Structures are given as C-alpha cells and as structure tokens.
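Thanks, everyone, for making the time this morning.

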Amino acid sequence: MVFNHGSERLPGDKRGQAEFFVPRGFVVFVPHRRGHGRSADAGPYVGAMNGAEARVTALETQVDDVSAAVAYVASLPFVDASRVAVSGCSFGGIEALFAAARTPGIVAAIDFAGGAMSWARSSLLQEKMKAAARGARVPVFFLQAANDWDTRPSEQLSSLMRDAGKPVRVRIFPANGATHEEGHAFCAGGPAPAWGDDVLAFLRAAGL
C-alpha cells in the first residue's frame, strides 16, 4: 500500500496506516512528495502556493512521485509486485485518484476525502478530478465522514465513474468527531478504524 499524505509540510510516517495494514499482511510505504517533509528540497511546498491553478498543476506533477514510489515498492523482494494499491487523504486522495488514471502497476485506489477542502473553490480541480475519474484504469473507493468539509467530491466522482461503467465504491460514514477538521481526519487509521472492514473488502474484491 502506497499511502499519499495530505498538504502537511511535515507529513511524518503516517503510523496509523501501518497499525492497520501491516498486521493484515501489507507493506506500507509513505513517500514524501516533492516540497514536503524529507523531499522538501525537491520542489516548492504545494500548501504555500498562491492560486488554485498552481496547486492543481503541482498535484498533477506529483503524480510522477507516486508512480516512482509504486515502482520502488514493486521492486522490493518481499512485495508481490502484482498486488500494489494506492491510497491517500485530502491532497493525497487527489493523488490517489490521479494515479488511478495514470500510474501503471497498481490494482486499486482509495481516495479519502480528496478535494474536500478545495472542491467548491476550484473549477479547475473539479475538471481534473472528473477527467481522472472517467479515465481510471483500476477500481476506486471514495470515502469520507459525513462532517468533512464537503462530501460532494466523493458523491459526484463516484457517480461519474458509475455512469462510465467503471468499477467504483463510495461510502459516506457517520460523523467523525464534532468539527469539519475532525471529519477530515477520518483517514487517520489505527488498529481498528471505522473504515477498516470496508477497505479490506474493497481490496479483496480488487485482488489483494
């Protein structure tokens, strides 16, 4: 599982993802995309960019980082290269959807709240995410908490994929906490997250 972080300047190791996936037989890899964390010197930090167009362009460029991470993981001797998936939260969810359309070597993508904070403010982001949904080459699972900033990305993109005959799942879970910030943090993971059974069922159906 290649997990794509959000717009955090210092993403860390996303240990909550490992706490869930590793005991269930997965290898979890968290690449720091250019401009973030350990790749801070490889490009500008997307969260500091002015204007939606610049941020969307940066996210599109960073799909190359995701593809490189997938290729690296597939090369590891303890990884089954035919069973690699991508997931991500917030900006990382956008990356997961973009990867579903562009990155070879994956069998599934999980989009936690991709675009939830940007959807209403950026018609360009909507256009790019819709194009990725229509062009997805692997099954995609969209999921969010009901109290996230905006659930329309999951609802509209999954509907678009369904209308296009693409394999897709969507679930809006009950509220996580009491605020939009807590709802947006639904992807955090841990030993037994609310989304665990649904994600595992989706991955099994995709062949993992």
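Lys 14 counts as partly exposed, because its relative accessibility is 21%, and the cut-off for buried is under 20%. Please keep in mind, as we go on, that we are looking at a predicted model. Lys 14 is found in the loop that runs between strand 1 (2-4) and helix 1 (15-21), and its phi is positive, about 50°, although Lys 14 is not a glycine. For those who are new to this, most residues other than glycine have a negative phi.

Where else do we meet a positive phi in a residue other than glycine? Ala 113 has one, with a value near 60°, and this residue lies in the loop between strand 3 (108-112) and helix 4 (123-135). Ala 113, however, is buried, since its relative accessible area is 4%.

Let me now turn to a pair of helices. Helix 2 (residues 52-75) packs against helix 3 (residues 91-102) at an angle of about 60°, and their axes are 9 Å apart. With that angle, helix 2 is oblique to helix 3, and the crossing of the two is right-handed. On the side of helix 2 the contact is made by Arg 55, Leu 59, Glu 60, Gln 62, Val 63, Asp 64 and Val 66, while helix 3 brings Phe 91, Ile 94, Glu 95, Phe 98, Ala 99 and Arg 102.

Conventions. Residues are numbered from 1 along each chain as its sequence is written. This is a predicted model: local features need pLDDT of at least 70, side-chain atom pairs count only at pLDDT 80 or more; totals for chains, interfaces and linings use all residues. Side-chain values use heavy atoms; hydrogens and water are left out. Axes are lines fitted to C-alpha atoms, for helices over the stretch in contact, and angles run from 0 to 180 degrees between N-to-C directions. Helices (H or I, at least four residues) and strands (E, at least two) are DSSP runs, numbered from the N terminus. Angles under 35 degrees count as roughly parallel, over 145 as roughly antiparallel, 65 to 115 as roughly perpendicular and the rest as oblique. A crossing is left-handed if the near helix is turned anticlockwise from the far one by less than a right angle, and right-handed if clockwise. Contact means heavy atoms within 4.5 Å. Buried means under 20% relative accessible area, exposed over 50%, partly exposed in between (1.4 Å probe, protein chains only).
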